[in-house]
Amino acid sequence: SVIEFSGSTAAEAIMNEESLLENNIPQVHSINPEMSAPSIRVANDLGNEVKGYGLALTDVSVEQETCYWEWRVRTGGNPTVTVMVGVSNRRNSKFYEILASSSVPPEQHGTKFMCTASDLKDGDVIGIVVQQSELPMIQLYVNGEIEDGLQVTRFRGTVYPSIYLPQKGSNNDVSATFLYREEQYVHGPPGPQFHPLIAERSLM
C-alpha cells in the first residue's frame, strides 16, 4: 500500500531525519547484487557504480517523506544512451529466473515505477526527487533541469532506488554511479526539503 503519514508521525519522521543529518551520521549505500539482474556488476570498491545491463537496485529503501539522489551516467563510448531510473520493489534471483524464460521484454519487468531518460550524453546526471505525500511522487531532473513528463504519479510498497541499463553491443561499457550524499551531488535537489537518503534502521 502507499505509505501515508499522519501529522504527528510525519513530524516525528522529519525531526528524526533532521537530527541524523545534523549529527552527520554517515550513510553508506551501495548497489545490491542480490536484488539486481545477474548481468549487472558492481564496478568500484565503494559499491555505488554499476555496469553491465538490466535492472539494478540499491540496498537502501525509500522510507522518508521527501528525499533526493542522483545517477551519473557514462555512455561507454556510445554517442548517447537511454536508461530507466526511479524505484523498484524488492527483487531476488527467482524473479530473474522467471524473467529469463518470459517472452515479455526484460525492460518491462520491475520497471513499473521508473521513467525512461533518453539521449543522455557521457557524464549527464539524472536527479530523482521523491515526495510521498504529493503527486507526482517521483519527478526526474536531467543536469539540474526539470524534465516534464518524466515522472511517476505514485508507487506502492517498499521500494528501492533503481536503474535499468541498456544492452549496448558486445563491450557494453555503459555505467552509472549512485550519488546519495550531499557532498557527492553534482547538481543537488530543487529545494531544501529534499534530504539525502537515510537507511531505515537509522530512522528508528
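Two residues are in contact when heavy atoms of theirs lie within 4.5 Å. With that in hand, here are some exercises on the structure above.

This is a predicted model, in which local features need pLDDT of at least 70, side-chain atom pairs count only at pLDDT 80 or more, and totals for chains, interfaces and linings use all residues. Residues are numbered from 1 along each chain as its sequence is written, and side-chain values use heavy atoms, with hydrogens and water left out.

**Exercise 1. The chain as a whole**

Task: Find how many helices and strands the chain has, and what share of its contacts between residues at least 6 apart joins residues at least 24 apart.

Solution: 
- Step 1. Helices (H or I, at least four residues) and strands (E, at least two) are DSSP runs, numbered from the N terminus. Counting them gives three helices and eleven strands.
- Step 2. Along the sequence, they follow the pattern α-β-β-β-β-β-α-β-β-β-β-β-β-α.
- Step 3. Take the contacts between residues at least 6 apart in sequence: 74% of them join residues at least 24 apart.
- Step 4. Call a residue buried under 20% relative accessible area, exposed over 50%, and partly exposed in between (1.4 Å probe, protein chains only). On this scale, 50% of the 204 residues count as buried.

**Exercise 2. The nonpolar cores**

Task: Work out which residues have the most contacts inside the largest nonpolar core.

Solution: 
- Step 1. A nonpolar core is a set of buried Ala, Val, Leu, Ile, Met, Phe, Trp, Tyr and Cys residues joined through side-chain atoms within 4.5 Å.
- Step 2. The largest such core has 48 residues, and Val50, Trp69, Trp71, Val83, Ile126, Ile128 and Ile163 have the most contacts inside it.
- Step 3. Look at Ile128: beyond four places in sequence, its contacts include Trp69, Trp71, Val85, Ile138 and Leu140.
- Background. In soluble globular proteins, nonpolar side chains tend to be buried together.

**Exercise 3. A residue in a loop**

Task: Place Ser30 in the chain and list what it touches beyond four places in sequence.

Solution: 
- Step 1. Ser30 sits in the loop between α1 (7–22) and β1 (40–42).
- Step 2. Ser30 counts as buried because its relative accessibility is 19%.
- Step 3. Beyond four places in sequence, Ser30 touches Leu46, Gly47, Thr58 and Asp59.
- Step 4. Leu46 belongs to the loop between β1 and β2 (49–52), and at 64% relative accessibility it counts as exposed.
- Step 5. From C-alpha to C-alpha, Leu46 and Ser30 are 7.2 Å apart, though 16 residues apart in sequence. Leu46 also touches His29.

**Exercise 4. A residue in a strand**

Task: Is Thr177 buried or exposed?

Solution: 
- Step 1. Thr177 is part of strand β11 (residues 175–179).
- Step 2. Thr177 has a relative accessible area of 9%, so it is buried.
- Step 3. Asn48, Glu49, Glu70, Trp71 and Arg72 are in contact with Thr177, leaving out residues up to four places away in sequence.

**Exercise 5. Backbone details**

Task: Find where a cis peptide bond occurs and which phi value Asp119 has.

Solution: 
- Step 1. Most residues other than glycine have a negative phi, and most peptide bonds are trans.
- Step 2. The bond that joins Leu135 and Pro136 is cis, with omega about -5°. Pro136 lies in the loop between β7 (125–131) and β8 (138–142).
- Step 3. Asp119 is not a glycine, yet its phi is positive, about 55°. Asp119 is in strand β6 (residues 114–120) and is exposed, with a relative accessible area of 54%.
- Step 4. Asn143 also has a positive phi, near 55°. Asn143 is in the loop between β8 and β9 (145–152) and counts as partly exposed at 32% relative accessibility.
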